[in-house]
Amino acid sequence: MKWFATVSVFAAIQLVSVLSAPTTLLKRASISDVASVGYATLNGGTTGGAGGTTTTVTTLDELTSAVEGSDAKIVIVSGTITGNAVVKVGSNTSVLGAAGSSLVGVGLRVINESNVILRNLKISKVLAEAGDHIGIQAASQVWVDHVDLSSDRDHDKDYYDGLLDITHGCTGITVSNSKLYTHWKASLVGHSDSNGSEDVAITVTYAGNWWSDLNSRTPSFRFGTGHIFNNVFDDNNDGINTRDEAQLLVENNVWTGYAVAVGNDFGGAENTALEGTFTSAPYDYDLIDTASVRSSVTASAGQTLTF
């Protein structure tokens, strides 16, 4: 298996300041937390619904109504909500999952909106006819943190769509501390090979995520700029697929296996990417030492917070 797809690509891999041990990740969180890592911290940051009203929802109708509009608001999902739908989330909104909550067959879409936080949500088995588990399109300043996304691989690859797709020129996006697993198509960045004029603006950070039992798109990155660090990749059929002149900085990630090359553990796979020009992220961040990435990430990724 090759780590990068063999298409025209540009990527940069380097090692910068490294922590000797992983930072302790607290399970307790505040409903008013703001984005703390990656591109979502730029351009004024991502605060979601901090300072707004707080509503707890237990049904699909309540969820759909609560996340509408651009007023500042915090929406807490409680219990299990089922359906066959994708719910559109408005600007200045935090959608948080209470401990043990779940959306089954219900996805979330952030389209033409800004300043949104999706956190501690468990979303599963959203049918393709409804859409992606999480779809972010033409949006800015979105923080996706501690989400748990999955389906199954018992059906063909088009029975479900993407777990987490980021398309149509999105900027200021961070995906952190999340778990993506048991699915065909994980995370697509960039709409299509013909959408470069729009998608070249894309900026995405993937930090501290656990990717496992995935067939493809781990992630698949077109155009735009991405920073991928301190992720764990286990038992997938694909690697990071960078194409269409995407610029990626890939640091201190771990793949199943043993071979270590310039801060990344590729698990015996091959890095076939051409050397790119994106060598320094435009924000401060700390790297976990490669040897400690697996224990740190697998212990904390996914729906592991309480509020």
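The protein has an accessible surface of about 11500 Å², with 48% of that area belonging to carbon and sulfur atoms; these areas come from the Shrake-Rupley method with a 1.4 Å probe, and for residues only the protein chains shown count as cover. This is a predicted model, where local features need pLDDT of at least 70 and side-chain atom pairs count only at pLDDT 80 or more, while totals for chains, interfaces and linings use all residues. Residues are numbered from 1 along each chain as its sequence is written, and side-chain values use heavy atoms, with hydrogens and water left out.

**Overall make-up**

- The protein contains 3 helices and 27 strands, taken as DSSP runs numbered from the N terminus (H or I for helices, at least four residues; E for strands, at least two).
- Of the 307 residues in the protein, 56% are buried; buried means under 20% relative accessible area, exposed over 50%, and partly exposed in between (1.4 Å probe, protein chains only).
- Looking at contacts (heavy atoms within 4.5 Å) between residues at least 6 apart in sequence, 63% join residues at least 24 apart.

**Helix H3**

- Helix H3 spans residues 290-300, and its buried residues are Thr290, Ser292, Val293, Ser296, Val297 and Ser300.
- Seen down the axis of H3, these buried residues fall within an arc of 125°, so they line one face of the helix; the arc is that of the directions from the helix axis to the C-beta atoms.
- Just after H3 comes Gly302, which takes a positive phi of about 95°.
- Ser296, part of helix H3, has a relative accessible area of 11% and is buried.
- Between Ser296 and Gly208 there are 8.3 Å in space, C-alpha to C-alpha, although they are 88 residues apart in sequence.

**Aromatic rings**

- You can find 7 aromatic pairs in the structure; rings of Phe, Tyr and Trp (its six-membered ring) pair if their centres lie within 6.5 Å, and planes under 30 degrees apart count as stacked, over 60 as edge-to-face and the rest as tilted.
- One of them joins Tyr39 and Tyr283 edge-to-face, at 5.2 Å centre to centre with 80° between the planes.
- This pair links distant parts of the chain, 244 residues apart: Tyr39 is in the loop between strands S2 (18-19) and S3 (53-57), and Tyr283 in the loop between strands S26 (264-265) and S27 (287-288).
- Both Tyr39 and Tyr283 are buried.
- The ring centres of Tyr206 and Trp211 are 5.5 Å apart and their planes are at 55°, so this pair is tilted.
- Tyr206 counts as buried at 0% relative accessibility, and Trp211 counts as buried at 0% as well.
- One aromatic cluster is formed by Tyr39, Phe229, Tyr283 and Tyr285.

**Charges over rings**

- Arg153 lies over the face of Trp184, 5.1 Å from the ring centre; a charge sits over a ring if NZ of Lys or CZ of Arg is within 6 Å of the ring centre and within 35 degrees of the ring normal.
- Lys179 has its charged end over the ring of Tyr181, 4.8 Å from the centre.

**Around Leu180**

- Leu180 lies in strand S15 (residues 179-185) and is buried, with a relative accessible area of 0%.
- Leaving aside neighbours within four places in sequence, Leu180 is in contact with several residues, including Leu163, Leu164, Trp210 and Trp211.
- Leu149 is 31 residues from Leu180 in sequence, and the two are 4.9 Å apart in space, C-alpha to C-alpha.
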